[in-house]
Amino acid sequence: MRPSRQSITDLILHLHPRTVPLSTIRFSLSFGLGGMAVTLIGLLFLTGVLLLLAYEPTPGGAYASVQTLGREVPLGYWVRNIHHAGANLLVVVAVLHLLRVVLTGAFGPGRRLNWVIGLFLLFLVLAANFTGYLLPWDQLAYWAVTISTAMLGYIPLCGDWLRTFFRGGAEIGPATLANFHVLHVAVIPGCLLVLLVWHFWLVRKAHGLIGAPEGDQPVRRVPVVPDLVAREAAVGLGLIALVLLLALVWNAPLLAQANPGMSPNPTKAPWYFQGFQELLLHLHPLFAVFVWPLLAGVTLLLVPFLPDSALPGGVWFGSERGRELALAAALTGAGLALAVVLADNALAQAGAPLTDTLVTRGMVPTAAVLVLAAGAYWLVVRVLGCTRAEAVMAGLVLGFAALAALTVVGVWFRGAEMHLVAPWAQGAAAAGGLS
Ligand code: HEM
Ligand code: HEM
């Protein structure tokens with residue numbers, strides 16, 4: 001082997017072992033989603049540093065610098081579009097990666113800590129997206145961040161403090177931009193790097209990805225170079241090509257310069273928070289912004305530590321029964337969420353009396369959901385004879401499907417005054433939610 005080739009192989013072998021089980025490098029096991037997330041983060045770091053060369057983090061200069069980037073810097077707008085497309089795709093890819101971990105039983109013993117680190121990575125990805133959102137300082141950015149930080153105010157005891165802390169004052173202004181800028185280009189990328197290294201190390205410590213059981217057969221191993229590396233390169237380069245092409249046709253939005261005196265109608269949070277914004281329309285704010293996200297977060301954190309909560313490793317859905325259960329859970333989750341949205345809308349249109357109280361829009365729906373969850377668990381485990389792991393998987397799928405349905409409603413079906421309107425019946429301004 002030539003010395004240069006040998007040193008590249010040595011570098012790769014710092015990341016991977018020399019050989020891996022054949023069953024773990026099947027594309028259909030992981031769909032390369034973790035690798036895709038890594039590729040997108042690499043692309044974001046690269047384009048982020050390039051954007052820094054033109055960007056000015058002051059309310060007076062930010063908007064103008066993004067305009068200058070588009071008009072005067074060669075390929076400047078393309079670089080911005082790549083950053084924008086990569087960032088939004090990363091949210092989707094990271095959530096799909098999380099679901100693949102659930103659906104292939106990869107959060108059980110030996111992988112629990114890595115699941116927890118994954119959750120923090122997801123939090124950082126959302127935080128990076130959210131802080132980046134403000135930086136162009138246009139109307140979209142200003143008001144999306146206004147509405148999202150206002151949600152923080154509903155958190156009991158420390159809500160006001162948190163809102164003021166992130167805004168750097170009572171309102172969004174120069175201090176907010178300075179805070180978000182430093183979080184976006186230094187603090188969050190630094191934390192991401194540290195956690196990513198830890199995440200990869202734990203994958204290695206667990207002897208690679210979760211593999212399907214091979215029965216009595218000895219585990220078949222293949223060399224990392226070229227078998228795994230060729231697959232990684234195909235996924236990584238394919239994804240980069242896709243993002244570069246996408247960035248040619250999908251322009252990062254830039255509305256008018258931020259105007260604190262004039263809010264757009266509707267004012268929407270960034271798309272990945274619109275599921276929560278949709279909840280706010282149906283629940284008491286304390287429950288929509290605090291109780292429900294807290295319950296969901298704690299459940300996600302604790303789920304691997306419940307005994308027998310992971311499906312049999314390396315087999316999608318665990319079994320044919322698991323596949324059917326997952327499909328039923330996804331349809332139920334999305335269907336229930338849509339039914340609640342429509343029913344609540346019908347009640348409001350029928351002029352139902354104001355019932356926006358802590359009891360009727362907080363405690364009652366929360367108790368109803370908990371009772372339904374307990375009933376569904378009993379039905380799935382006791383009546384249908386499924387395993388606890390299958391019930392846990394179905395619960396997680398149901399929750400994510402419900403959140404996805406609420407997000408779709410928020411992004412595409414909410415028009416002026418947040419009324420339910422079909423996308424084709426909305427004005428051009430109201431339709432641009434997914435940006
Ligand atoms: C920035 C986001 C993330 C990146 C860059 C990332 C990267 C990776 C990579 C490269 C792998 C190995 C290859 C693969 O499984 O596709 C992996 C595995 C894993 N990830 Fe992530 N990940 C991220 C987010 C998450 C999240 C949100 C979770 C779950 C909460 C998670 C949990 C895991 C677990 C448990 C494994 C081990 C899977 C197994 O052994 O089969 N990761 N991750
Ligand atoms: C996970 C990593 C990252 C994510 C998810 C992310 C996300 C974003 C998003 C959504 C925007 C708004 C883009 C737009 O619509 O115009 C943005 C802007 C920006 N980002 Fe990042 N970013 C990441 C990493 C970085 C890094 C590492 C840097 C620099 C070191 C950086 C520098 C910038 C700059 C200067 C802007 C403002 C320019 C503009 O808005 O176009 N980003 N980022």
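At 24% relative accessibility, Arg 163 counts as partly exposed (buried is under 20% relative accessible area, exposed is over 50%, and partly exposed lies in between, with a 1.4 Å probe and protein chains only). This is a predicted model, in which local features need pLDDT of at least 70 and side-chain atom pairs count only at pLDDT 80 or more, while totals for chains, interfaces and linings use all residues. Residues are numbered from 1 along each chain as its sequence is written, chains are lettered from A and ligands numbered from 1 in the order in which they are written, and side-chain values use heavy atoms, without hydrogens and water.

The side chain of Arg 163 meets that of Asp 160 in a salt bridge, with N to O at 2.9 Å (a salt bridge is a side-chain nitrogen of Lys or Arg within 4 Å of a carboxyl oxygen of Asp or Glu). Asp 160 is partly exposed as well, at a relative accessible area of 46%. Both residues belong to helix α8, residues 159-167, and are three residues apart, so about one helical turn separates them (helices, H or I of at least four residues, and strands, E of at least two, are DSSP runs numbered from the N terminus).

## Salt bridges between helices

Side chains of opposite charge can pair when their charged atoms come close. The count for this model is five salt bridges. Among them is the one between Arg 321 and Glu 390, with N to O at 2.8 Å. This pair links distant parts of the chain, since Arg 321 is in helix α13 (residues 320-349) and Glu 390 in helix α15 (residues 388-412), 69 residues apart. Arg 321 is partly exposed, at 37% relative accessible area, whereas Glu 390 is buried, at 5%.

Another salt bridge joins Arg 361 and Asp 344, with the closest N and O atoms 3.0 Å apart. Arg 361 sits in helix α14 (residues 359-383) and Asp 344 in helix α13, so the pair ties together parts that are 17 residues apart in sequence. Arg 361 and Asp 344 are both buried.

## The iron site of ligand 1

His 97 and His 199 coordinate the iron atom of ligand 1, each through NE2, at 2.1 Å (donors are N, O and S atoms within 2.8 Å of the metal, or 3.2 Å for Na, K and Ca; water is not among the atoms, so sites may look incomplete). The two histidines link distant parts of the chain: His 97 is in helix α5 and His 199 in helix α9, 102 residues apart. His 199 counts as buried, at 14% relative accessibility.

Ideal angles for six octahedral donors are 90 or 180 degrees.

## The shell around ligand 2

There are 21 residues around ligand 2, and those that come nearest are Arg 80, His 83, His 84, Gly 132 and His 184 (a residue is near a molecule if one of its heavy atoms lies within 4 Å of it). By class, the shell holds 14 nonpolar, six polar and one charged residues (Ala, Val, Leu, Ile, Met, Phe, Trp, Tyr, Cys and Pro count as nonpolar, Asp, Glu, Lys and Arg as charged, and the others, Gly among them, as polar).

Polar side-chain atoms of His 83 and His 184 each lie 2.8 Å from a nitrogen atom of ligand 2. For His 84, a polar side-chain atom lies 3.0 Å from an oxygen atom of ligand 2. The elements that give two or more residues to this shell are α3 (33-52), α5 (76-103), α6 (112-134) and α9 (174-205). Helix α3 gives the most, with six residues.

## Backbone features

Two cis peptide bonds can be located. The bond from Val 225 to Pro 226 is cis, with omega near 10°, and Pro 226 is in helix α10, residues 224-249. The bond from Asn 265 to Pro 266 is also cis, with omega near 0°; Pro 266 is in the loop between α10 and α11 (274-282).

Phe 31, a residue other than glycine, has a positive phi near 55°. Phe 31 is in the loop between α2 (27-30) and α3 and is partly exposed, at 34% relative accessible area. His 207 also has a positive phi, near 60°. His 207 lies in the loop between α9 and β2 (221-223) and is exposed, at 69%.

How values were computed: A polar contact is a pair of N or O atoms within 3.5 Å; within protein, one must be able to donate a hydrogen and the other to accept it, and residues adjacent in sequence count only if both atoms are side-chain atoms.
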